[in-house]
Amino acid sequence: MSKEFYSDENFKRMKKLLKERVPEKRYEHSKRVSKAAEELADIYGVDTDKARMAGLLHDWDKGLTLNEIRKRVMMYDLDIDPVVVSSMPWLLHGPTAAAALKDEFPEIDTDVLQAIARHTSGDRNMTELDMIVYVADLVEPGRKYSNVKEVRRACGRVSLEELYFLAFKNVLQFLVSQNRPVHPETIEVWNYLVERLKNSHEEGAYNADTQLEALPSDWVAAERKFGESIRAAE
C-alpha cells in the first residue's frame with residue numbers, strides 16, 4: 001500500500017482533481033460518500049484511509065456522457081457484457097473509473113480500484129471494502145429514497161454482509177419499480193445473497209409450499225422485526 005497516496009495532503013489533491021471533472025452536485029455527493037465510507041470502515045474495522053479515498057473517487061467518470069463512458073469501455077478493453085454497454089450504461093462508470101484511475105494513478109491499490117469498479121452493480125464475492133463503498137453510496141446524507149432511514153439505522157447494528165444485503169435489496173427494488181432492465185448477473189448476486197443469509201438463519205424458515213407464501217421467520221420478517229426493535233429503542 002502506498003501510504004503517501006492515502007495521506008491527508010494527497011486526499012486534498014484528489015478532491016481538487018475530482019472537482020474539476022464532475023458537476024458540483026456530483027462532487028458534493030462524492031464527498032459525502034467518502035465521509036460515510038470512512039465512518040462505516042471505522043465501525044466495521046476496515047482500513048479507513050482506503051475507504052475514504054475509494055468513496056471520494058467512486059464517481060470519477062460521472063462527468064462523462066454515456067457515449068463517452070461507452071468509448072472508455074473500448075479504450076480500456078474492458079470485459080463487460082455488450083448488453084450492459086448498450087442497455088444499462090448507468091452501470092459502466094464504476095468499471096471505467098477504476099480503469100482510468102489505474103492508468104493515471106498506478107499507485108492506487110488493487111482493492112481500492114475493485115471497490116470503485118463494483119460500486120455500481122455489486123458482486124457475489126464482495127470484500128469488506130467493496131461492501132463499505134457500495135453501502136456508503138446508498139446511505140450518504142443526500143440520499144432520499146424511501147427506505148434509506150431503515151438502512152442507515154442498520155449501520156453498526158447488523159453484520160456488514162447483512163447491511164450489504166439490505167442495500168442491494170433496495171437497489172433491486174428500485175430497478176423493478178422503475179421498470180428498468182435487470183441484468184441476469186444482478187439476479188445471480190441476489191440469489192447468492194439470499195442463500196448466504198438462509199444459511200445463517202433457521203433452515204425451516206425457507207420451507208414454503210409456494211413461492212408467494214409468507215414465512216414468519218424469513219428475511220422480510222427479520223427486517224420488519226429489526227425495524228420495530230430500533231423504533232422501540234428510540
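1. Basis. The model is predicted, so local features are given only at pLDDT of at least 70 and side-chain atom pairs only at pLDDT 80 or more, whereas totals for chains, interfaces and linings use all residues. Residues are numbered from 1 along each chain as its sequence is written, and side-chain values use heavy atoms, with hydrogens and water left out.

2. Helix α2. Helices here are DSSP runs of H or I with at least four residues, numbered from the N terminus. The expected span of a helix is 1.5 Å times one less than its number of residues; for the 21 residues of α2 (residues 24-44) this gives 30 Å, and the end C-alpha atoms are 30 Å apart, which agrees. Just after α2, Gly45 takes a positive phi of about 70 degrees.

3. Aromatic pairs. Rings of Phe, Tyr and Trp (its six-membered ring) count as paired if their centres lie within 6.5 Å, and the planes are called stacked under 30 degrees, edge-to-face over 60 and tilted for the rest. The whole structure holds seven such pairs. One of them joins Phe5 and Tyr6 edge-to-face, with 5.3 Å centre to centre and 80 degrees between the planes; Phe5 has a relative accessible area of 2%. The rings of Phe5 and Phe105 have centres 6.2 Å apart and planes at 55 degrees, so this pair is tilted. Because Phe5 lies in the segment before α1 and Phe105 in the loop between α6 (93-104) and α7 (110-118), the pair ties together parts 100 residues apart in sequence. Ring pairs link Phe5, Tyr6, Trp60 and Phe105 into a cluster.

4. Charges over rings. The criterion is NZ of Lys or CZ of Arg within 6 Å of the ring centre and within 35 degrees of the ring normal. Arg52 lies over the face of Phe11 at 4.2 Å from the ring centre, and Arg180 lies over the face of Trp90 at 4.9 Å from the ring centre.

5. Lining of the largest pocket. Of the 33 residues that line the largest pocket (lining residues have an atom within 4 Å of a point on a 1 Å grid), Leu138, Arg143, Val171, Phe174 and Arg180 lie nearest its centre. The largest share of the lining, six residues, comes from α10.

Terms used
Helix = DSSP H or I, 4+ residues; strand = E, 2+ residues; numbered from the N terminus. Buried < 20%, exposed > 50% of the residue type's maximum accessible area, 1.4 Å probe, protein only. 1 Å grid on protein atoms, 1.4 Å probe; cavity = no way out; pocket = protein on both sides within 12 Å on 5 of 7 lines; lining within 4 Å.
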